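I opened this model to go through its cavities, helix packing, aromatic pairs and backbone geometry. My entries are below.

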Amino acid sequence: MARRGCLDRLRVPSLDGAGGWILAGLLAAYLLMTTQGRTVPLGPGVDYWPAWGATAAAGLLAASLLAWRLRPARRWLRPVEAAATLAIAAMVMTDLTMTYQPLRDLGIYLKAGAHFVAGTPVYLQTPMTARPTDLTDYPFLYPPMTLPPFGLLSMLPTPVAQAIWVGCSLALGIAALRVFGLPWRWLVFVAAWPPLFQGLWVGNVAVPALALFALGPWLGEGLVAGAIFKSYTGLVALWLVRERRWRQLAAGVAVVVVLAVITLPLTGIGSWGAWIEALRLYQTSQVNVPVLYGFGLLKFVPLPVFVALAVAALAAALRVSGRESLARLGTATIVASPSLWGHGLLVAVPSLLSLRAPWLWLAIGVTSAPDGLQWWWAIGLVAASWFVPKMRRSPAGVGVGEGGEGEPAEPLDPRAGPWGERVEPTPCAEDEARRPSS
């Protein structure tokens with residue numbers, strides 16, 4: 001039988017028992033190891049790990065008391081609930097470390113808009129040799145068609161421009177999470193999740209752009225248009241090819257072309273050449289100033305390895321169909337990103353929500369520490385779930401508790417995946433459903 005080759009036939013400890021406590025223990029050890037030398041807030045603050053430990057201990061006590069009072073059938077705290085508490089405590093501590101230069105990315109956009117309005121050079125003209133002290137002096141990398149709206153925004157008083165940007169970003173970010181299927185009660189926790197909090201704190205375009213990705217199943221044109229701001233995210237438009245949505249693909253390309261054409265009288269043809277040259281200079285600058293990579297893979301592996309990993313991620317995303325393919329492509333763009341910062345993981349939200357609760361909270365916990373190379377463990381967990389079905393949610397019994405309710409700390413409906421799509425059981429999940437519960 002073909003089913004005998006399933007990886008999920010491996011016997012592992014129950015994730016609602018010993019296996020779950022192992023995952024929670026691994027998360028605690030990870031958070032202790034990766035936060036050594038950190039302070040809350042940055043600078044003359046207290047050490048991160050004791051502050052996190054005290055917050056986590058208080059959270060575990062409160063969660064235990066709630067479980068004892070509200071759940072007569074099983075009063076003890078479950079391991080996934082403990083892992084979620086550890087992760088949420090780390091979110092709060094990590095958010096408190098983000099005290100340096102708020103809305104700095106928005107500052108880059110506003111400076112570019114002001115230069116555009118003044119008729120002075122917008123784009124990088126020489127390679128960078130050092131990280132600027134003022135982070136709003138980082139180079140502007142978006143194409144000329146984005147300059148007119150940023151120019152208009154720069155003409156407003158700065159506090160007004162900041163309020164408009166943050167307000168719209170927050171509204172669009174929340175809308176995107178709701179489209180993915182997150183209930184309102186979970187949004188307060190997601191708002192504290194460092195990738196989203198960081199995106200709002202620095203004013204990065206990744207937060208409002210998430211709405212284009214979220215609407216992809218219905219408005220495929222947005223998957224193409226999203227590449228205006230971050231070119232590598234245009235790889236998600238391969239989903240339109242995979243699903244043979246040729247009209248949406250053509251319409252998306254047409255939207256980008258029309259925007260470029262109608263803004264050309266304002267920007268001039270020369271700005272496009274300056275933009276292309278600036279991208280080349282930025283690539284050179286990454287060699288001189290490695291911090292420009294963030295924690296993108298190119299900082300740590302040779303170019304051939306980076307390309308191989310990006311191609312492998314894209315291939316794994318395209319080997320499936322439907323919205324699962326789109327979710328995987330969002331994660332694949334992270335692998336293919338030449339530079340990566342915390343808010344770059346926002347497009348992994350659908351893939352993260354496809355995980356069973358214990359694995360979801362392990363991945364969330366990994367990304368709740370201050371960002372860095374260690375965040376790739378979360379992407380590794382997501383990639384592993386593509387080949388180990390038992391790590392993913394399923395209505396056939398895996399991830400569904402007694403009476404059909406979802407697992408503890410499960411954000412989504414137990415019988416639906418991201419975007420509200422019904423989760424189809426895998427053969428191994430069917431076997432799990434037939435197995436008597438312990």
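The entries follow, beginning with the ground rules.

**Ground rules.** I am working on a predicted model, where local features need pLDDT of at least 70, side-chain atom pairs count only at pLDDT 80 or more, and totals for chains, interfaces and linings use all residues. Residues are numbered from 1 along each chain as its sequence is written, and side-chain values use heavy atoms, with hydrogens and water left out.

**Cavities.** I searched the whole structure and found four cavities of 30 Å³ or more. A cavity here is a set of points, on a 1 Å grid over the protein atoms alone, where a 1.4 Å probe fits but cannot get out; lining residues have an atom within 4 Å of a point. Grid points are joined across faces, edges and corners, and a volume is the space filled by probe spheres set on the points.

I took the largest cavity to start with, and its volume is about 230 Å³. It is lined by 19 residues, and A209, L210, K230, T233 and V347 are the closest to its centre. Which helix gives the largest share of this lining? It is α9, with five residues. Both α9 (206-214) and α10 (221-225) supply at least two residues. Helices are DSSP runs of H or I with at least four residues, strands are runs of E with at least two, and both are numbered from the N terminus. I sorted the lining of the largest cavity into 12 nonpolar, six polar and one charged. For this, Ala, Val, Leu, Ile, Met, Phe, Trp, Tyr, Cys and Pro count as nonpolar, Asp, Glu, Lys and Arg as charged, and the others, Gly among them, as polar.

The second largest cavity holds about 200 Å³. I listed 14 lining residues, with L182, V190, L353, L360 and I364 nearest its centre. Two or more lining residues come from each of α7 (184-192), α16 (349-353) and α17 (357-366). This lining has 14 nonpolar residues, no polar and no charged.

**Helix packing.** I then checked α17 against α1 (18-34): their axes come within 10 Å and cross at roughly 0 degrees. The two helices are therefore roughly parallel. Axes are lines fitted to C-alpha atoms, for helices over the stretch in contact, and angles run from 0 to 180 degrees between N-to-C directions. Angles under 35 degrees count as roughly parallel, over 145 as roughly antiparallel, 65 to 115 as roughly perpendicular and the rest as oblique.

From α1, the residues in contact (heavy atoms within 4.5 Å) are L23, L27, Y30 and L31, and they meet P358, W359, W361, L362, G365 and V366 of α17. I count nine nonpolar residues there, one polar and no charged.

Next came α7 with α8 (194-202), whose axes are 5 Å apart at an angle of about 65 degrees. This pair is therefore roughly perpendicular. V190, A191 and A192 of α7 touch P194, L196 and F197 of α8. The contact of α7 with α8 divides into six nonpolar residues, no polar and no charged.

**Aromatic pairs.** How many aromatic pairs are there? I get 18. Rings of Phe, Tyr and Trp (its six-membered ring) pair if their centres lie within 6.5 Å; planes under 30 degrees apart count as stacked, over 60 as edge-to-face and the rest as tilted. F140 and F150 are edge-to-face, because their planes stand at 90 degrees, with ring centres 5.9 Å apart. F140 lies in the loop between α4 (104-118) and α5 (147-154), and F150 in α5, 10 residues apart.

**Backbone.** Is the V40 to P41 peptide bond cis or trans? I find it cis, with omega near -10 degrees. P41 sits in the loop between β1 (39-40) and β2 (46-47).

I also noted Q101, a non-glycine with a positive phi of about 45 degrees, in the loop between α3 (79-97) and α4. R244, also not a glycine, has a positive phi of about 55 degrees and lies in the loop between α11 (238-242) and α12 (246-267).

Notes
1 Å grid on protein atoms, 1.4 Å probe; cavity = no way out; pocket = protein on both sides within 12 Å on 5 of 7 lines; lining within 4 Å.
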